[in-house]
Amino acid sequence: MKVLLLGANGQLGWELKRTCPQGIILTTCDYPKIDFLSTTSIITCIETTQPDWIINAAAYTAVDKAEEERETADRINHTAVRQIAGLCRKNNIRLIQISTDFVFNGKAHRPYLPQDTPDPISVYGKTKLKGEQAVLEILKDDAAIIRTAWLYSSHGANFVKSMLNFFETKSELNIIDEQIGSPTWAHGLAHVSWKAMDKNLTGIHHFTDAGIASWYDFATAIQEDALSLNLIQKEIPITPIPASQYPTPAERPFYSVLDKRSLWQTLDLKPVHWRKQLRSMLKEL
Ligand SMILES: NC(=O)c1ccc[n+]([C@@H]2O[C@H](COP(=O)([O-])OP(=O)(O)OC[C@H]3O[C@@H](n4cnc5c(N)ncnc54)[C@H](OP(=O)(O)O)[C@@H]3O)[C@@H](O)[C@H]2O)c1
């Protein structure tokens with residue numbers, strides 16, 4: 001089976017490369033060879049590769065910058081995805097599109113189900129939702145959308161690596177404790193994506209690591225585990241603060257927990273708690 005991976009240099013893309021199962025012929029097409037702002041490069045990349053499947057792990061992921069760069073975010077997360085879906089339809093290619101918890105408004109009091117009504121509150125969330133809708137409209141049962149959240153990996157920039165840097169360079173930290181989600185090691189999501197392909201998954205699905213946390217809980221756990229693994233030498237105080245004390249250009253959902261149960265069942269997955277996954281990632285560092 002021939003698979004074209006888009007976004008191979010991102011966190012998830014890098015994990016997808018290193019977890020690629022035997023028997024898959026993996027081709028990657030990266031910026032600048034493919035630029036989601038260039039229709040010609042998208043067509044060339046897909047039509048010269050002629051894969052059986054595409055995994056789209058590329059996206060405009062700068063959530064705050066998207067508030068200013070609305071058009072660029074929309075072209076990458078929506079228009080390009082629409083073009084990719086159209087080429088998949090034309091060339092009989094199946095698609096796995098990665099999406100986000102930011103399609104929800106965060107006002108729920110229970111984990112979001114895949115069939116819950118989206119209501120994004122940021123430009124990034126809105127553009128990702130339009131990308132999802134284009135995929136479903138064009139490809140129907142020839143595509144799967146996997147929404148995830150709070151991704152980190154030993155490759156790329158993320159919350160875990162920022163915290164490790166801050167623990168060495170700052171004397172104290174203030175971290176928001178009222179936004180709740182599920183930290184997710186991209187490595188686990190990569191395995192799930194390959195399994196989803198193997199099972200010809202279709203429709204909208206949710207996947208994150210199991211358990212929930214606030215950013216404050218997450219930061220505290222990173223410090224605790226990093227100390228025990230000797231990745232950092234000193235402990236600094238971490239103070240929980242409300243979101244109002246750390247204003248950002250993009251509004252973020254307060255409650256961002258995704259319900260994964262249906263995917264666990266469909267793919268026969270064993271839930272793994274985010275603390276366990278965090279430790280595995282830190283051990284790699
Ligand atoms: N990070 C999170 O916390 C999070 C949470 C929920 C959902 N997600 C979703 O999960 C997926 C993977 O996220 P990630 O964290 O792995 O993202 P990432 O590390 O930011 O990687 C994004 C990838 O997209 C590529 N890209 C950006 N602009 C491009 C363009 N114009 N043309 C071609 N490629 C372009 C980047 O290429 P370069 O490396 O060349 O820049 C990079 O390889 C995305 O769909 C994201 O929306 C992420």
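In the predicted model, strand β4 (94-100) is joined to strand β5 (residues 143-148) by 6 bridges, and the two strands run parallel. Helices (H or I, at least four residues) and strands (E, at least two) are DSSP runs, numbered from the N terminus. Thr148 is the bridge partner of Thr100 in β5. Residues are numbered from 1 along each chain as its sequence is written. Local features need pLDDT of at least 70 and side-chain atom pairs count only at pLDDT 80 or more, whereas totals for chains, interfaces and linings use all residues.

The open sheet has 6 strands in the order β2-β1-β3-β4-β5-β10, with parallel pairing (two strands pair if DSSP finds at least two bridges between them). Its edge strands, β2 (25-29) and β10 (203-206), each pair on one side only. Helix α3 (residues 70-91) packs on the sheet and touches β3 (53-56), β4 and β5, its direction making about 160° with that of β4. Contact requires C-beta atoms, placed from the backbone, within 7 Å. Angles run from 0 to 180 degrees between N-to-C directions, with axes fitted as lines to C-alpha atoms, for helices over the stretch in contact. Helix α6 (residues 186-198) lies across β3, β4 and β5, at about 160° to β5.

Around the ligand there are 27 residues, of which Gly10, Gln11, Ala58, Ala59 and Thr100 come nearest; a residue is near if its C-beta atom, placed from the backbone, lies within 6 Å of the molecule. Two or more residues of this shell come from each of α1 (11-18) and β4. Helix α1 gives the largest share, 3 residues.

Definitions and conventions
Contact = placed C-beta atoms within 7 Å.
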